Amino acid sequence: MQLSDRENRWLYGWKNLRRIGNHDFCPGLNRYAYWLKQPIGWFVSAAVVAMLLGLFGEAEAFAVAAVLIGLILLGMIWPWVAVQCVSAKLNWRRRRCEEGENLETTLDIVNRWPWSVWGLVVESDDAVVNGGEGQKESVSLASVPALSKSRFVWQATPQKRGEYPQRSSYLASGFPFGLWMARRPLVVEQSILVWPKTLDLGDLPSLGGSERSVVGTYIDRAGMDGDVIGVRPYRDGDSLRHVHWAQSARHDSLVVCERQSIARRNLHLEILPIAVESIGPSFDELREWFLRIGGSVARTFLSHHWSVQFKAERLNIQAEPGSQGLHRMLDELARMKWSSDVGGLAASATLDHRPGKAVNGNALRVAIADAATYRRYSLIDHFRLFRWIVVDRMHESSQELSSAKNVWFAIDVEQPIWSQLRSHWTGLCRKSLSPTTRTIHCLCDAE
Amino acid sequence: MSKPYSYGTLAVVIPAFLIALAVRAEVTSHPVFIAVGCLPILFLIALFLNAKQSQEKLAAWFILGLAMVPWGWDLIGQISQGYLQMQIPREPYELLAIGSLQSIVLGLAFLRQTSRIRWAAMFSGMMLTIFCVVMVSRLQIAGVIYGIAFLQAMIIVWWLMGDYWQRLESRFVGPTETVGLGLRSGIIFLSLVLFGVATTIGLALVPQAYRLDGFLPTSGGERWSDDRAVSGLGEGNALVGAQDSADSFGPVDTDLFIEDKQPSLYDIANEAFGEAKLNNRFNKAASLDGAKIQMNHRKLAESEKSGREFNVVREQPVKRKKKLEEKHTHALIHYRGDIPARLATATFNSFDGERWTNKSTDAVATDRPVSLHHDTSGKPWIAVDQTYSAASSSYEKVAVRWLGLDSNRVTTPDRLSAVHIDRIDREDFFAWTQDDIIEMCDRDRIPIFTTLVMKCSTRPGPAIRHYRHPSDEAARSNEPTV
């Protein structure tokens, strides 16, 4: 439905009005005012109003103010007393986990009061101290028995990558009214590293049309693949399959064949900064998805013995194949902090990619970006050889992205992202195969 | 998943709603009107609950609409009064604000009960009760209101406990226990004791209320008080005026006449106890018949001060009547009108070089007649200006109320056209003096608490007369020049 100019003007005015109404004009003063949003703030305001009414209106309002002050005092003193003799220790069984994985969490509490303590809340990072599936808030405890040491164990589901705890952790109580939370520091024995969620995408797309493109070329360095380049005495651990029996018989000792090894290919994976705030998911959420998709692609290439250079903002990792390299890369990705200076990063990224400033000349280059950044950067000469993965809100004007020659695939953030990534990747792998192989694959699928 | 109709929230909100309803009905004395006024609120709630669109999007408009209901009723009343000449009862502004809050409180209870909405409903209900409790101290229903408010306080305590537990129970780990009834009852009992002590301390140790001059425009302000105001610094005459009984008399127009030994403008024959006893101090008086009169055989307190010192509710007999103290003031008159104002009690027309004097100030000038007019509502106006027209609107109204000024001369502003005293419909009560001042004839002084409403012409005219010094030759003729 098309809106008239007048309606558009009204809509624009209304949006501006809402923007002004929701704008934070004095963010520096928020810390002085935000306590009013808490229940205690509401009751203090009511007590102040009652006192003003008593001072300048009717003296009976002082009785109301006194009742409110009494309620506030009871609501503060009770929880403060309750947490004074309670101490707790938070612990995780593992050092690393992935977003969305179950994480066993343990809380040991000592209550030295001769009475039970009710309604305790663990105030820590919600991302790792939550109650598991579908529960995003930190856990709470109904009661801790009198004069006891108790252990609470539950499965948390980390929601966001990072190194935790990122904030001070407390054991808090607001019982009985929840007006104000009294806190005691919580001891956290060791930190937990939450990796971004990644998928092993399986196959690699065929690059350059040769089967060597997939498995890499052989070089005459001692290895386990390719042609035989020589023989050597047997060493513990050598496979019997590699034993050269004729030579062994001749020398009366085990001799094995030495074969070629595969030359590692390099992947240069780059996440480009978002220059314009996207519509749809929040800006930070979109960047996190860039990281998860990038991590998945890098992980898949690593599993195929590729070396991966991962670059995102100031992060620049060179990961070697093998579990050690993968863990190192995921650790770095987990610890990475996005810059808040988005515009500045976009400008510096443009400077980094001036023509002639090439990185890792023979590497396969893949960039992950939103649609606007793709349109802006793909024109730069440096990005001519890049393959693009575009992640954005896809509307009609973005349809041409899918058919662009240098775009591997485009992911719509408003649809399930993991299933899109998997299906696009599978499609990419099949598309890159020879027509005959593709036909065989199709026949197999049909069966 | 949040749900509408949280019974806990309704339990907090309904007492507040009932308290506000009772206060509005008591003050305006029109419970049917209030009940009818609540119908649109229920209609809006029903409409909102049946709305097929997203309730979250409609919530703001729903609350705004509910808040506007009392003001809409007042507007209808105003229009009916102005154009249709229908007397529809209207509420003072503070009660309209209470009505708005009352509607909002009920509306919030029917919104989808997220944590924030629940708290907003509870807090609004609590504030509504606080405002009402503060207002009802002089009303007959005060005891009932206090009782309901105390009950609501207990419900709020219970609600707070329940809300806190509800926030936690969805994320409990380990053994899930519930707070036993014993512990909950103990907390309620502790709160009861605490509230009792706090109320006693609050009432015993606090100072009396202070004035806040000109702060509240409706009832608390000296400058902007409204006629419909209930109480405060500038009490509104429309509601404070006694209807059925009076315990004192003061500077307030009422429909009630109280017998007293002081000189009055009115004369009512009363044969309830034999022959009428004539007052030896005779003054000219207007006879009244069929007027409301309240028999009184005890001394009435005098209240000469305006504002909140006039500490009386004259509507229904209150249960605990206390003997009122007389409150005196040094003020000579009360004046209502634009300030600064110049009120004349004498003019001088002779200047001997040192002092101004006036010749023949006591003689009444008979050459300037006064005449009786009636305005559209039938009120008598004594016109002192021959060009006065009752139908014209080019007059400014001012009012003067007599307190300590011992004179029969009316303190008049400039360009006076007509004078009105309630039920005085005889022109021989007023006359011009020779020095151009209106006086009340045949009496020593104007009775205390008499209110004169005066109409002054807004047309420009000679405001100040200029005289020349005697040394000037032109001044020797003693003729003033304008």
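Is A:Glu285 buried, partly exposed or exposed, and what is its relative accessible area? In this predicted model, A:Glu285 is partly exposed, with a relative accessible area of 32%.

In chain B, a salt bridge is formed between B:Asp163 and B:Arg118, with a separation of 2.8 Å between the closest N and O atoms. Because B:Asp163 lies in helix 6 (residues 142–169) of chain B and B:Arg118 in helix 5 (residues 115–135) of chain B, this pair ties together parts that are 45 residues apart in sequence. Both residues of this pair, B:Asp163 and B:Arg118, are buried.

A further salt bridge in chain B joins the side chains of B:Asp428 and B:Arg426, at an N to O distance of 3.4 Å. Here B:Asp428 is partly exposed, with a relative accessible area of 34%, and B:Arg426 is likewise partly exposed, with a relative accessible area of 32%.

The salt bridges described above are among the 20 that the structure holds over all chains. In general, side chains of opposite charge can pair when their charged atoms come close.

Technical notes
Residues are numbered from 1 along each chain as its sequence is written. Chains are lettered from A and ligands numbered from 1 in the order in which they are written. This is a predicted model: local features need pLDDT of at least 70, side-chain atom pairs count only at pLDDT 80 or more; totals for chains, interfaces and linings use all residues. Side-chain values use heavy atoms; hydrogens and water are left out. A salt bridge is a side-chain nitrogen of Lys or Arg within 4 Å of a carboxyl oxygen of Asp or Glu. Buried means under 20% relative accessible area, exposed over 50%, partly exposed in between (1.4 Å probe, protein chains only). Helices (H or I, at least four residues) and strands (E, at least two) are DSSP runs, numbered from the N terminus.
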